[in-house]
Amino acid sequence: MNYLSVENLTKSFGDRVLFSDLTFGIDQGQKVAIVAKNGTGKTTLLRCLMNLEQIDSGRVVYRNDIRVVFMEQAENLNESHTILEAVFSHDLPEIQAVKRYNIALKSGSEEEINDCFQEMTDLHAWDIEVRVNQILSVLKLDDRSLLVSKLSGGQKKRVALAKVLIADADFLILDEPTNHLDLDMIEWLEDFLSKAKSTILMVTHDRYFLEVVCDSILEIEDKTIYRYKGNFSYYLEKKAERQEQTQSTIDKARNTFKKELDWIRRQPKARGTKQKARIENFHEVKKVASQRIDEDELDIPVKMERLGSKIVELHKISKKFGEKVILNSFSYNFQRQERLGIVGNNGTGKSTFLNILQEREKPDNGKVVVGETVVFGYYSQELIQVDENKRVIEVIRDIAEFIPLEKGRELSAAQFLERFLFSRDMHYNYVYKLSGGEKRRLKLMTVLMANPNFLILDEPTNDLDIFVMSVLEDYLRSFQGCLIVVSHDRYFMDKMVDHLFVFQGEGKITDIIGNYTEYRKQLVSAQRAAKDGTAPEKPVVKATVIAESQPKSEKRKLSFKEKAEFDQLEKDLEKLEAQKEEFTLILSDANSSNDDIMNAGSKLAEIVALIEAKTDRWMELAEFV
């Protein structure tokens with residue numbers, strides 16, 4: 001049963017055509033995602049479907065008598081409402097009945113209460129209050145009397161999401177529903193939407209979300225639309241096949257074009273003997289031969305100052321705000337090529353930790369020692385702070401006209417923009433004309449231009465499309481400095497990091513070996529064990545680099561057996577280091593499959609734990625060699 005039919009939809013802003021003659025349909029029960037590069041009109045398309053944006057031509061037709069609800073990327077809430085009033089601000093009969101019933105209860109009129117009771121029963125509205133409580137609880141909107149005007153941007157986004165989910169609509173249209181949600185919320189929403197009976201059309205850059213929830217992908221490219229009936233993995237496979245076929249067609253056309261061009265040139269200009277059909281065909285072939293498939297490559301071999309032996313040392317740092325403890329006597333030494341992920345619920349102190357690390361904020365106690373060779377590059381969640389009336393290329397030239405590369409080479413500002421997927425025709429666009437994702441990309445570019453060797457990325461994937469994220473991953477895998485990533489994008493975290501700081505609140509931070517998926521497996525195992533009353537599988541915890549000094553043993557010499565053990569430990573550690581290198585290469589290989597990455601992350605956790613244990617024993621024995 002068809003729920004939405006879109007025919008020959010065209011939309012442009014001035015002389016810029018976003019999409020032309022889009023035609024597609026969505027049937028009852030389908031869960032469809034729209035993917036496209038930033039600036040190609042994903043949000044505009046959703047707004048056109050909801051008649052919030054005027055279209056140039058075409059038709060949008062919904063099935064009669066279905067309930068359609070839209071969650072915009074920017075919150076559109078009444079600032080004077082409380083959270084509860086905001087989520088109940090629907091014209092749905094069931095929700096209006098709940099409102100009237102609550103008013104009747106306050107009035108004390110038995111007649112009104114009975115009427116409203118019957119209305120609630122007729123409309124099957126009794127479960128709405130249960131659903132509201134569940135959704136608000138999961139989204140951590142516990143104080144429902146708070147005014148919308150007092151909420152943070154993230155809280156407003158969650159209120160807007162709650163309002164949409166509570167509506168229980170036939171057709172949900174969602175623009176970036178996972179933005180500003182923590183990892184637990186994202187996983188809950190993933191499960192909620194997977195089981196929902198509603199038809200769904202969404203824009204999201206969360207690749208695990210696309211994999212699990214969606215059964216169809218619509219891709220906007222070259223102002224037209226391509227449909228793939230499958231999840232994200234299927235889409236990637238079929239897109240690659242389509243591009244291969246297109247490239248083959250282009251190659252054939254180029255060969256034909258060379259022959260036809262030679263024929264055109266050899267014909268006398270004054271003689272009207274050229275075959276009209278052949279000339280027309282020449283222009284068609286030229287059009288195909290001139291096509292170019294964009295390779296999303298982010299190859300930026302910027303010159304980076306080599307890190308010294310001392311990078312960043314944290315010596316028993318503590319921090320609290322009032323009674324809220326953020327850090328409690330925390331010590332850690334960062335090593336070369338550190339690849340650390342940071343996870344934890346909002347408010348557990350992740351941003352404060354990053355500020356203390358960069359000496360932007362002072363700890364209450366303890367000491368931060370930063371090596372002389374360290375150059376921080378910090379990508380924060382705030383939008384780029386530049387004059388909106390500047391052109392894109394001017395933003396880059398204000399930092400540097402040329403960027404130094406390896407081996408004494410240089411890259412001009414224009415070339416650097418192209419490497420960062422800003423085509424030549426965008427260089428002189430004003431910043432205010434850029435989409436949110438394009439502004440994020442420009443900001444990321446300005447951070448990397450400083451040639452940092454200690455890169456800190458705080459939610460780098462927000463508002464970046466899946467194509468930019470893919471090429472950013474390629475760049476970061478070859479990055480030779482230290483990397484810290486704070487992200488709610490599970491796919492990105494799995495590929496980028498090899499251990500995690502888990503911020504658990506009250507100053508408790510656990511260092512877990514492995515990627516995010518491995519950590520979640522351990523967490524689920526522990527939760528299941530707690531429920532069943534069995535012993536949980538213990539997470540692999542990394543030993544703290546800075547340890548308390550231990551009193552030395554009075555022993556002075558190794559026994560024969562201990563000497564043999566010491567020699568064997570050296571051999572074992574050499575083998576384990578080789579295995580660690582092997583699995584690290586799999587994690588950093590762009591061609592590795594998800595299964596390979598998951599398996600490598602699990603094995604790497606075991607190997608690192610063994611190395612830690614054997615190294616401790618080796619050091620214990622080495623004192624007496």
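The following is a conversation about a predicted model.

Visitor: What is the strand order in the open sheet of six strands?
Guide: The order is β5-β6-β7-β3-β8-β9, and the pairing is mixed.

Visitor: Which strands stand at the edges, and why is one side of each left without a neighbour?
Guide: The edge strands are β5 (68-71) and β9 (224-228). Each has a single partner strand, so one of its sides has no neighbour in the sheet.

Visitor: By how many degrees are neighbouring strands turned against each other?
Guide: The average is 15 degrees, with direction ignored.

Visitor: In which sense do β3 and β7 pair, parallel or antiparallel?
Guide: Strand β3 (residues 31-35) pairs with strand β7 (residues 199-203) in the parallel sense, over four bridges. Within this pairing, Ala 33 has Met 202 of β7 as its bridge partner.

Visitor: Turning to the largest nonpolar core, which residues touch the most other members?
Guide: They are Leu 193, Met 202, Leu 442 and Leu 476, in a core of 101 residues.

Visitor: What is Leu 476 in contact with, leaving aside its neighbours within four places in sequence?
Guide: Its contacts are Arg 339, Leu 455, Leu 457, Leu 483, Phe 492 and Met 496. Another core, of 27 residues, lies apart from the largest one and includes Leu 307, Ile 342, Phe 353 and Ile 456.

Visitor: And helix α1, how many of its residues are buried?
Guide: Six of the eight residues in α1 (residues 42-49) are buried, namely Lys 42, Thr 44, Leu 45, Leu 46, Cys 48 and Leu 49.

Definitions and conventions
Residues numbered from 1 in each chain as written. Predicted model: local features only at pLDDT ≥ 70, side-chain atom pairs only at ≥ 80, totals over all residues. Heavy atoms only, no water. Pairing = 2+ DSSP bridges. Helix = DSSP H or I, 4+ residues; strand = E, 2+ residues; numbered from the N terminus. Axes fitted to C-alpha atoms, helices over the stretch in contact; angles between N-to-C directions. Core = buried A, V, L, I, M, F, W, Y, C linked by side-chain atoms within 4.5 Å. Buried < 20%, exposed > 50% of the residue type's maximum accessible area, 1.4 Å probe, protein only. Contact = heavy atoms within 4.5 Å.
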